[in-house]
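Visitor: I should like to learn how to read the features of a structure. May we begin with the helices?

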Amino acid sequence: MRFNLLPTDTAFYDLFGKSANHLVDGARLLAGLLGPGSDHAEVAERVREVEHRCDEVTHETIRRLNSTFITPFDREDIYRLAGGLDDVMDDMEAAADYVHLYAIADLPPGAAEQIDLLGKAADLTAAAMPRLRDMRGLDEYWIEVNRLENLGDGIYRKSLATLFSGAYDALTVMRLRDVVEQLEAALDSFEKVANIVEQIAVKES
């Protein structure tokens with residue numbers, strides 16, 4: 001265990017928590033795409049607003065990192081974690097934007113299951129961020145996120161198989177595939193965050 005003789009800036013923990021909570025908000029908004037009569041334009045705009053707030057937290061984290069002498073763990077890891085959380089939000093925002101810009105009335109096959117997994121991963125990530133303070137109980141977090149990502153891979157492959165089954169015209173396939181792939185990218189980004197947390201925990205143990 002590493003011991004510091006000088007006080008560290010613990011605000012980073014709060015900033016990571018804020019970013020993760022924005023991911024929870026983003027995932028819940030994505031679920032709004034599934035409802036009957038959903039206003040996709042409104043959902044996309046609200047997700048975009050959350051993405052902007054997440055960006056602000058990321059910028060604040062980097063500013064604080066550049067002005068702080070003693071950090072709670074390696075500076076490179078703080079930068080990677082902040083960027084990883086931001087990447088998740090970017091991916092979710094892009095998925096919502098595709099649905100709106102392509103004027104997709106019915107979401108692609110598997111999208112509901114993918115969005116459900118994103119919500120679960122977001123909740124797990126938000127619950128894990130406070131544990132960075134003592135690095136305890138985090139193994140269950142990254143193991144479960146990895147499990148969810150594996151489930152997502154299966155859903156993604158089945159979705160592609162359905163899209164290319166001949167039941168859709170070529171243009172529809174291209175549009176729906178973009179949505180499916182972006183949702184898959186968001187789940188992959190959640191796993192990358194979990195991997196970063198695991199690496200930090202191993203270093204600090």
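Guide: Helices here are DSSP runs of at least four residues, numbered from the N terminus. The model is a predicted one. By that numbering, aspartate 77 has its place in helix H3.

Visitor: Is aspartate 77 buried or exposed?

Guide: Buried means under 20% relative accessible area. Aspartate 77 has a relative accessible area of 1%, so this residue is buried. Apart from neighbours within four places in sequence, aspartate 77 is in contact with Ile196, Ile200 and Lys203.

Visitor: How does one read the length of a helix, and what span should the 18 residues of helix H4 have?

Guide: The expected span is 1.5 Å times one less than the number of residues. For helix H4, residues 111-128, this gives 26 Å, and the end C-alpha atoms are 26 Å apart, which agrees.

Visitor: Which residues of H4 are buried, and what covers them?

Guide: In general, an α-helix has 3.6 residues a turn, so residues three or four places apart point the same way. The buried residues in H4 include Ala111, Gln114, Ile115, Leu118, Ala122 and Thr125. Their cover includes helix H1 (11-31), helix H3 (75-101), helix H5 (139-163) and helix H6 (170-204).

Visitor: What is to be said of the largest nonpolar core?

Guide: In soluble globular proteins, nonpolar side chains tend to be buried together. Here the largest nonpolar core has 62 residues, and Phe16, Leu81, Met129 and Tyr141 have the most contacts inside it. H1, helix H2 (40-67), H3, H4, H5 and H6 each give two or more residues to this core. H6 provides the largest share, 14 residues. As for phenylalanine 16, its contacts beyond four places in sequence include Phe73, Leu81, Leu85 and Met129.

Visitor: How many aromatic pairs does the structure hold, and how is such a pair described?

Guide: A pair of aromatic rings is described by the distance of the centres and the angle of the planes. The structure holds three such pairs. The rings of tyrosine 13 and phenylalanine 73 have centres 6.5 Å apart and planes at 55 degrees, so this pair is tilted. Tyrosine 13 lies in helix H1 and phenylalanine 73 in the loop between H2 and H3, so the pair ties together parts 60 residues apart in sequence. Tyrosine 13 is buried at 11% relative accessibility, and phenylalanine 73 is buried at 1%. Ring pairs also link Tyr13, Phe16 and Phe73 into a cluster.

Visitor: Are the rings of tyrosine 98 and tyrosine 102 stacked or tilted?

Guide: Their centres are 5.3 Å apart and their planes at 25 degrees, so the pair is stacked. Tyrosine 98 is partly exposed, at 26%, and tyrosine 102 is partly exposed, at 25%.

Key
Residues numbered from 1 in each chain as written. Predicted model: local features only at pLDDT ≥ 70, side-chain atom pairs only at ≥ 80, totals over all residues. Heavy atoms only, no water. Buried < 20%, exposed > 50% of the residue type's maximum accessible area, 1.4 Å probe, protein only. Contact = heavy atoms within 4.5 Å. Core = buried A, V, L, I, M, F, W, Y, C linked by side-chain atoms within 4.5 Å. Phe/Tyr/Trp six-rings, centres within 6.5 Å; stacked < 30°, edge-to-face > 60°.
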